[in-house]
Amino acid sequence: RRWLRQHECVEKLNMHAILSASSGQEQLLTELLVTYAKIPVLIGELISVEIWKHKIFPVLCRLEDFKPRSTFPIYVVLHHEASIINLLETVFFHKEICESAEDSILDLIDYCHRKLTLLAARSTSGQTAVLVSPQELQKQAETMEFEISLKALSVLRFITDQLESLPLSALTRMLNTHNVPCLLVQLVEHCPWSCREAGKLRKFENGAWHVVPPEDQVKMTKLDGQVWLALLNLLLSPQCQRKYHFDGFNKSQLLKLRTFLTDVLIDQLPNLMELQRFLSHLAVTEPAPPKKDLVLEQVPIIWDYVLKKNAGKWEAIAKHQVKHVFSPSEEELKLQARRWAQTYSMDMMEALAPGKRRCRVCGAEAAKRCSRCRNEWYCTR
(Lines give C-alpha, C1' and ligand atoms only; values in the text may rest on other atoms or scores of the structure.)
Protein backbone atom coordinates (compact mmCIF):
# COMPACT_ATOMS: atom_id res chain seq x y z
CA ARG A 1 0.00 0.00 0.00
CA ARG A 2 1.34 3.41 -0.95
CA TRP A 3 0.01 5.09 2.20
CA LEU A 4 1.70 2.50 4.46
CA ARG A 5 5.00 3.12 2.68
CA GLN A 6 4.53 6.83 3.24
CA HIS A 7 3.83 6.21 6.93
CA GLU A 8 7.03 4.17 7.19
CA CYS A 9 8.97 7.05 5.64
CA VAL A 10 7.45 9.52 8.12
CA GLU A 11 8.28 7.17 10.99
CA LYS A 12 11.90 6.84 9.85
CA LEU A 13 12.13 10.59 9.36
CA ASN A 14 10.76 11.11 12.87
CA MET A 15 13.33 8.72 14.37
CA HIS A 16 16.12 10.36 12.40
CA ALA A 17 15.01 13.82 13.62
CA ILE A 18 15.05 12.68 17.26
CA LEU A 19 18.46 11.02 16.94
CA SER A 20 19.87 14.05 15.10
CA ALA A 21 18.49 16.54 17.63
CA SER A 22 19.85 14.51 20.57
CA SER A 23 23.33 14.67 19.04
CA GLY A 24 23.06 18.30 17.89
CA GLN A 25 23.35 17.36 14.21
CA GLU A 26 19.89 18.26 12.90
CA GLN A 27 21.08 20.94 10.47
CA LEU A 28 21.18 18.60 7.46
CA LEU A 29 17.64 17.36 8.08
CA THR A 30 16.21 20.87 8.45
CA GLU A 31 17.94 21.97 5.25
CA LEU A 32 16.46 19.04 3.33
CA LEU A 33 12.95 19.69 4.67
CA VAL A 34 13.22 23.35 3.66
CA THR A 35 14.84 22.70 0.27
CA TYR A 36 12.24 20.17 -0.81
CA ALA A 37 9.32 22.16 0.69
CA LYS A 38 8.13 19.24 2.84
CA ILE A 39 6.78 21.19 5.83
CA PRO A 40 3.52 22.19 4.06
CA VAL A 41 3.17 18.56 2.94
CA LEU A 42 3.53 17.32 6.52
CA ILE A 43 1.01 19.88 7.79
CA GLY A 44 -1.47 18.81 5.11
CA GLU A 45 -1.01 15.17 6.08
CA LEU A 46 -1.44 16.03 9.76
CA ILE A 47 -4.76 17.76 9.19
CA SER A 48 -5.99 14.99 6.86
CA VAL A 49 -5.49 12.39 9.60
CA GLU A 50 -7.21 14.67 12.12
CA ILE A 51 -10.24 14.96 9.82
CA TRP A 52 -10.22 11.19 9.33
CA LYS A 53 -10.46 10.73 13.10
CA HIS A 54 -13.42 13.10 13.35
CA LYS A 55 -15.33 12.26 10.18
CA ILE A 56 -14.49 8.76 8.93
CA PHE A 57 -13.74 6.75 12.04
CA PRO A 58 -17.06 7.32 13.87
CA VAL A 59 -18.95 6.30 10.72
CA LEU A 60 -16.68 3.33 10.19
CA CYS A 61 -17.33 2.05 13.73
CA ARG A 62 -21.11 2.26 13.26
CA LEU A 63 -21.06 0.03 10.19
CA GLU A 64 -22.52 -3.41 10.90
CA ASP A 65 -20.04 -5.18 8.64
CA PHE A 66 -17.05 -3.62 10.39
CA LYS A 67 -15.61 -6.58 12.30
CA PRO A 68 -11.84 -6.27 11.91
CA ARG A 69 -9.71 -9.34 12.46
CA SER A 70 -7.05 -7.07 13.88
CA THR A 71 -7.06 -3.44 15.04
CA PHE A 72 -3.45 -3.02 13.95
CA PRO A 73 -4.22 -1.17 10.65
CA ILE A 74 -6.44 1.31 12.55
CA TYR A 75 -3.77 1.87 15.17
CA VAL A 76 -1.29 2.70 12.39
CA VAL A 77 -3.56 5.51 11.15
CA LEU A 78 -4.06 6.86 14.68
CA HIS A 79 -0.31 6.68 15.30
CA HIS A 80 0.40 8.54 12.05
CA GLU A 81 -0.84 11.82 13.55
CA ALA A 82 1.39 11.33 16.60
CA SER A 83 4.44 10.68 14.40
CA ILE A 84 3.93 13.83 12.32
CA ILE A 85 3.32 16.19 15.27
CA ASN A 86 6.36 14.71 17.02
CA LEU A 87 8.47 15.36 13.92
CA LEU A 88 7.19 18.94 13.69
CA GLU A 89 7.91 19.51 17.38
CA THR A 90 11.49 18.36 16.86
CA VAL A 91 12.23 20.59 13.85
CA PHE A 92 10.08 23.70 14.50
CA PHE A 93 12.69 24.99 16.90
CA HIS A 94 14.49 26.31 13.81
CA LYS A 95 13.47 29.63 12.29
CA GLU A 96 13.90 28.46 8.69
CA ILE A 97 11.48 25.58 9.26
CA CYS A 98 8.82 27.96 10.56
CA GLU A 99 9.34 30.27 7.58
CA SER A 100 9.20 27.37 5.09
CA ALA A 101 5.66 26.52 6.25
CA GLU A 102 4.51 29.67 4.38
CA ASP A 103 0.70 29.98 4.21
CA SER A 104 0.14 26.54 5.76
CA ILE A 105 1.31 28.01 9.08
CA LEU A 106 -2.29 29.27 9.45
CA ASP A 107 -3.58 25.71 9.24
CA LEU A 108 -1.00 24.60 11.80
CA ILE A 109 -2.03 27.41 14.18
CA ASP A 110 -5.67 26.32 13.85
CA TYR A 111 -4.64 22.70 14.49
CA CYS A 112 -2.72 23.66 17.64
CA HIS A 113 -5.67 25.74 18.85
CA ARG A 114 -8.04 22.78 18.45
CA LYS A 115 -5.70 20.52 20.39
CA LEU A 116 -5.15 23.04 23.19
CA THR A 117 -8.91 23.53 23.46
CA LEU A 118 -9.26 19.77 23.97
CA LEU A 119 -6.50 19.93 26.56
CA ALA A 120 -8.24 22.74 28.44
CA ALA A 121 -11.55 20.85 28.25
CA ARG A 122 -9.84 17.78 29.71
CA SER A 123 -8.54 19.78 32.65
CA THR A 124 -11.95 21.25 33.51
CA SER A 125 -14.00 18.07 32.98
CA GLY A 126 -11.38 15.65 34.26
CA GLN A 127 -11.44 13.48 31.15
CA THR A 128 -10.53 13.44 27.50
CA ALA A 129 -13.05 13.54 24.70
CA VAL A 130 -13.44 9.98 23.42
CA LEU A 131 -12.98 9.82 19.68
CA VAL A 132 -12.95 6.07 19.14
CA SER A 133 -15.32 3.21 19.77
CA PRO A 134 -13.44 -0.13 19.58
CA GLN A 135 -12.86 -0.98 23.22
CA GLU A 136 -9.27 -2.19 22.83
CA LEU A 137 -8.24 1.04 21.12
CA GLN A 138 -10.08 3.43 23.42
CA LYS A 139 -7.47 3.70 26.15
CA GLN A 140 -4.61 3.93 23.65
CA ALA A 141 -6.43 6.60 21.68
CA GLU A 142 -7.13 8.70 24.79
CA THR A 143 -3.48 8.56 25.84
CA MET A 144 -2.35 9.33 22.31
CA GLU A 145 -4.72 12.30 21.98
CA PHE A 146 -3.42 13.71 25.27
CA GLU A 147 0.21 13.35 24.20
CA ILE A 148 -0.53 14.82 20.75
CA SER A 149 -2.09 17.87 22.43
CA LEU A 150 1.05 18.35 24.53
CA LYS A 151 3.19 18.18 21.39
CA ALA A 152 0.91 20.78 19.78
CA LEU A 153 1.57 23.05 22.78
CA SER A 154 5.31 22.85 22.11
CA VAL A 155 4.81 23.53 18.40
CA LEU A 156 2.68 26.60 19.17
CA ARG A 157 5.32 27.91 21.54
CA PHE A 158 8.01 27.53 18.82
CA ILE A 159 5.73 29.42 16.42
CA THR A 160 5.47 32.30 18.92
CA ASP A 161 9.28 32.40 19.06
CA GLN A 162 9.26 33.52 15.41
CA LEU A 163 6.59 36.24 15.48
CA GLU A 164 8.61 38.61 13.30
CA SER A 165 8.91 35.99 10.56
CA LEU A 166 5.21 35.10 10.49
CA PRO A 167 2.65 36.48 8.03
CA LEU A 168 0.51 39.27 9.49
CA SER A 169 -2.55 37.02 9.26
CA ALA A 170 -0.90 34.44 11.51
CA LEU A 171 -0.59 36.97 14.32
CA THR A 172 -4.17 38.15 13.84
CA ARG A 173 -5.36 34.56 13.93
CA MET A 174 -3.57 33.78 17.20
CA LEU A 175 -4.54 36.98 19.00
CA ASN A 176 -7.97 37.90 17.71
CA THR A 177 -9.55 34.88 16.01
CA HIS A 178 -8.52 32.28 18.60
CA ASN A 179 -7.54 34.48 21.57
CA VAL A 180 -4.58 32.21 22.33
CA PRO A 181 -3.39 34.27 25.36
CA CYS A 182 -6.64 33.53 27.24
CA LEU A 183 -6.45 29.88 26.25
CA LEU A 184 -2.94 29.71 27.70
CA VAL A 185 -4.23 31.30 30.92
CA GLN A 186 -6.71 28.40 31.16
CA LEU A 187 -3.82 25.93 30.87
CA VAL A 188 -1.85 27.72 33.59
CA GLU A 189 -4.91 27.79 35.83
CA HIS A 190 -5.98 24.14 35.43
CA CYS A 191 -2.65 22.48 34.47
CA PRO A 192 -3.95 19.30 32.73
CA TRP A 193 -0.55 17.57 33.00
CA SER A 194 -0.79 17.61 36.80
CA CYS A 195 -3.26 15.84 39.08
CA ARG A 196 -3.69 14.53 42.61
CA GLU A 197 -4.44 10.90 43.32
CA ALA A 198 -4.67 9.38 46.79
CA GLY A 199 -3.15 12.53 48.26
CA LYS A 200 -0.09 12.38 46.00
CA LEU A 201 0.80 14.90 43.29
CA ARG A 202 1.41 13.32 39.88
CA LYS A 203 2.78 15.09 36.81
CA PHE A 204 3.05 13.98 33.20
CA GLU A 205 6.59 14.29 31.90
CA ASN A 206 8.66 12.51 29.25
CA GLY A 207 5.69 10.44 28.11
CA ALA A 208 4.55 9.08 31.49
CA TRP A 209 2.88 10.05 34.78
CA HIS A 210 5.23 10.33 37.77
CA VAL A 211 4.62 10.81 41.47
CA VAL A 212 6.32 14.08 42.46
CA PRO A 213 8.20 14.06 45.78
CA PRO A 214 7.31 16.94 48.16
CA GLU A 215 10.62 18.75 47.60
CA ASP A 216 9.99 18.94 43.81
CA GLN A 217 6.34 19.98 43.84
CA VAL A 218 7.09 23.65 43.15
CA LYS A 219 9.58 22.80 40.41
CA MET A 220 8.58 24.01 36.95
CA THR A 221 8.15 21.23 34.38
CA LYS A 222 8.99 21.53 30.69
CA LEU A 223 5.28 21.81 29.86
CA ASP A 224 4.82 24.63 32.38
CA GLY A 225 7.77 26.36 30.77
CA GLN A 226 6.27 26.06 27.29
CA VAL A 227 3.08 27.83 28.39
CA TRP A 228 4.92 30.64 30.19
CA LEU A 229 7.32 31.19 27.28
CA ALA A 230 4.42 31.39 24.81
CA LEU A 231 2.71 33.95 27.07
CA LEU A 232 5.92 35.97 27.29
CA ASN A 233 6.23 35.98 23.49
CA LEU A 234 2.62 36.98 22.89
CA LEU A 235 2.12 39.56 25.64
CA LEU A 236 5.46 41.37 25.71
CA SER A 237 5.97 41.74 21.96
CA PRO A 238 5.24 45.36 20.90
CA GLN A 239 3.69 44.02 17.71
CA CYS A 240 1.26 41.85 19.69
CA GLN A 241 0.44 44.61 22.16
CA ARG A 242 -0.65 46.82 19.25
CA LYS A 243 -2.93 44.14 17.79
CA TYR A 244 -4.39 42.49 20.89
CA HIS A 245 -7.65 43.84 22.31
CA PHE A 246 -7.23 44.29 26.08
CA ASP A 247 -10.95 44.54 26.74
CA GLY A 248 -12.58 43.84 30.10
CA PHE A 249 -12.78 40.08 29.65
CA ASN A 250 -9.27 39.60 28.25
CA LYS A 251 -7.81 41.85 30.90
CA SER A 252 -9.53 39.99 33.75
CA GLN A 253 -8.30 36.65 32.39
CA LEU A 254 -4.71 37.82 32.00
CA LEU A 255 -4.62 39.30 35.50
CA LYS A 256 -5.29 35.82 36.89
CA LEU A 257 -1.66 35.07 36.04
CA ARG A 258 -0.44 37.29 38.89
CA THR A 259 -1.53 34.64 41.39
CA PHE A 260 0.85 32.12 39.84
CA LEU A 261 3.85 34.45 39.47
CA THR A 262 5.46 33.57 42.79
CA ASP A 263 9.06 34.27 43.75
CA VAL A 264 9.84 30.55 43.47
CA LEU A 265 8.53 30.45 39.88
CA ILE A 266 10.36 33.64 38.86
CA ASP A 267 13.61 32.26 40.29
CA GLN A 268 13.30 29.34 37.86
CA LEU A 269 12.45 31.54 34.86
CA PRO A 270 13.73 35.08 35.53
CA ASN A 271 12.16 36.45 32.34
CA LEU A 272 8.80 36.19 34.08
CA MET A 273 9.72 39.29 36.09
CA GLU A 274 9.04 41.32 32.93
CA LEU A 275 5.63 39.68 32.62
CA GLN A 276 4.92 40.47 36.28
CA ARG A 277 5.72 44.15 35.67
CA PHE A 278 3.55 44.19 32.55
CA LEU A 279 0.57 42.73 34.43
CA SER A 280 1.00 45.21 37.30
CA HIS A 281 0.91 48.03 34.76
CA LEU A 282 -2.08 46.48 32.97
CA ALA A 283 -4.03 46.32 36.24
CA VAL A 284 -3.97 50.13 36.69
CA THR A 285 -4.27 51.26 33.06
CA GLU A 286 -6.72 51.00 30.21
CA PRO A 287 -4.76 50.15 27.03
CA ALA A 288 -6.02 51.79 23.88
CA PRO A 289 -8.09 49.47 21.67
CA PRO A 290 -6.33 48.28 18.50
CA LYS A 291 -6.87 50.29 15.36
CA LYS A 292 -9.45 48.76 13.06
CA ASP A 293 -7.64 49.05 9.77
CA LEU A 294 -9.05 47.49 6.62
CA VAL A 295 -6.90 44.42 6.12
CA LEU A 296 -7.23 41.57 3.63
CA GLU A 297 -6.76 38.56 5.87
CA GLN A 298 -5.55 35.17 4.69
CA VAL A 299 -7.50 32.15 5.88
CA PRO A 300 -6.40 28.53 6.29
CA ILE A 301 -7.22 26.44 3.24
CA ILE A 302 -6.30 22.80 4.00
CA TRP A 303 -9.04 22.04 6.55
CA ASP A 304 -11.81 23.70 4.49
CA TYR A 305 -10.55 22.17 1.23
CA VAL A 306 -10.61 18.60 2.58
CA LEU A 307 -14.06 19.09 4.15
CA LYS A 308 -15.61 20.61 1.02
CA LYS A 309 -14.04 18.05 -1.31
CA ASN A 310 -15.44 15.13 0.68
CA ALA A 311 -18.72 16.63 1.91
CA GLY A 312 -21.47 13.99 1.80
CA LYS A 313 -18.98 11.21 1.01
CA TRP A 314 -17.91 10.22 4.51
CA GLU A 315 -20.02 7.06 4.68
CA ALA A 316 -18.97 5.94 1.21
CA ILE A 317 -15.32 6.49 2.10
CA ALA A 318 -15.76 4.54 5.35
CA LYS A 319 -17.34 1.58 3.50
CA HIS A 320 -14.54 1.62 0.95
CA GLN A 321 -11.91 1.63 3.69
CA VAL A 322 -13.60 -1.24 5.57
CA LYS A 323 -13.44 -3.37 2.44
CA HIS A 324 -10.03 -2.40 1.06
CA VAL A 325 -7.96 -1.09 3.97
CA PHE A 326 -9.09 -2.34 7.37
CA SER A 327 -9.94 -5.94 6.50
CA PRO A 328 -6.54 -7.30 5.47
CA SER A 329 -5.89 -11.00 5.04
CA GLU A 330 -3.74 -12.89 7.51
CA GLU A 331 -0.86 -12.83 5.04
CA GLU A 332 -1.14 -9.06 4.60
CA LEU A 333 -1.15 -8.59 8.38
CA LYS A 334 2.02 -10.66 8.72
CA LEU A 335 3.68 -8.63 5.97
CA GLN A 336 2.75 -5.33 7.68
CA ALA A 337 4.03 -6.62 11.02
CA ARG A 338 7.35 -7.63 9.44
CA ARG A 339 7.73 -4.22 7.81
CA TRP A 340 7.09 -2.47 11.13
CA ALA A 341 9.55 -4.76 12.90
CA GLN A 342 12.15 -3.79 10.30
CA THR A 343 11.35 -0.10 10.75
CA TYR A 344 12.02 -0.29 14.49
CA SER A 345 14.96 -2.69 14.33
CA MET A 346 18.27 -1.75 15.96
CA ASP A 347 20.00 -1.90 12.58
CA MET A 348 17.54 0.61 11.13
CA MET A 349 17.97 2.99 14.08
CA GLU A 350 21.76 2.72 13.81
CA ALA A 351 21.52 3.49 10.09
CA LEU A 352 19.40 6.57 10.80
CA ALA A 353 21.63 7.82 13.61
CA PRO A 354 23.87 10.71 12.51
CA GLY A 355 27.63 10.45 12.76
CA LYS A 356 29.95 7.47 12.56
CA ARG A 357 29.99 4.57 15.00
CA ARG A 358 33.10 4.47 17.18
CA CYS A 359 34.99 1.59 18.75
CA ARG A 360 34.35 1.12 22.47
CA VAL A 361 38.06 0.40 23.10
CA CYS A 362 40.13 2.68 20.89
CA GLY A 363 37.65 5.23 19.52
CA ALA A 364 38.36 4.40 15.86
CA GLU A 365 35.55 4.04 13.32
CA ALA A 366 33.78 0.73 14.02
CA ALA A 367 31.98 -1.73 11.76
CA LYS A 368 31.26 -4.63 14.14
CA ARG A 369 28.63 -4.62 16.89
CA CYS A 370 28.68 -6.81 19.99
CA SER A 371 26.38 -9.79 19.32
CA ARG A 372 25.55 -10.16 23.01
CA CYS A 373 24.51 -6.68 24.19
CA ARG A 374 23.82 -5.19 20.71
CA ASN A 375 24.90 -1.78 22.03
CA GLU A 376 28.70 -1.54 21.87
CA TRP A 377 30.75 -1.29 18.66
CA TYR A 378 34.26 -2.53 17.92
CA CYS A 379 36.72 -2.07 15.06
CA THR A 380 37.99 -5.67 15.29
CA ARG A 381 37.08 -8.87 17.09
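Helices (H or I, at least four residues) and strands (E, at least two) are DSSP runs, numbered from the N terminus. The model is predicted, so local features need pLDDT of at least 70 and side-chain atom pairs count only at pLDDT 80 or more, while totals for chains, interfaces and linings use all residues. Residues are numbered from 1 along each chain as its sequence is written, and side-chain values use heavy atoms, with hydrogens and water left out.

Asparagine 206 is found in the loop between β2 and β3 (208-211). Its phi is positive, about 55°, although asparagine 206 is not a glycine. Asparagine 206 counts as exposed at 66% relative accessibility; the classes are buried under 20% relative accessible area, exposed over 50% and partly exposed in between (1.4 Å probe, protein chains only). Alanine 37, in the loop between α2 (27-35) and α3, also has a positive phi, near 50°. At 43% relative accessibility, alanine 37 counts as partly exposed.

On a 1 Å grid over the protein atoms alone, a pocket is an open set of points where a 1.4 Å probe fits, with protein on both sides within 12 Å along at least five of seven lines, and lining residues have an atom within 4 Å of a point. The largest pocket holds about 940 Å³ of space, where grid points are joined across faces, edges and corners and the volume is the space filled by probe spheres set on the points. At least two lining residues come from each of α1 (2-22), α4, α7, β2 (200-205) and α10 (222-236).

Helix α10 also contains alanine 230, which is buried at 1% relative accessibility.

The next topic is the aromatic rings. Rings of Phe, Tyr and Trp (its six-membered ring) pair if their centres lie within 6.5 Å; planes under 30 degrees apart count as stacked, over 60 as edge-to-face and the rest as tilted. By this rule there are eight aromatic pairs. In one of them, tryptophan 52 and phenylalanine 326 have ring centres 5.9 Å apart and planes at 50°, so the pair is tilted. Tryptophan 52 belongs to helix α3 (residues 39-62) and phenylalanine 326 to the loop between α16 (314-324) and α17 (330-343), so that the pair links distant parts of the chain, 274 residues apart. Both tryptophan 52 and phenylalanine 326 are buried. Phenylalanine 93 and phenylalanine 158 form an edge-to-face pair, at 5.9 Å centre to centre and 85° between the planes. Phenylalanine 93 is exposed, at 52% relative accessible area, whereas phenylalanine 158 is buried, at 9%.

Ring pairs also link Trp52, Phe57 and Phe326 into a cluster. Helix α3 bends by about 40° at isoleucine 56, and proline 58 follows within four residues; the bend is the angle between axes fitted to the seven residues ending there and the seven starting there.

Arginine 114 has its charged end over the ring of tryptophan 303, 4.0 Å from the centre. Arginine 122 lies over the face of phenylalanine 146, at 4.1 Å from the ring centre.

Definitions and conventions. A charge sits over a ring if NZ of Lys or CZ of Arg is within 6 Å of the ring centre and within 35 degrees of the ring normal.
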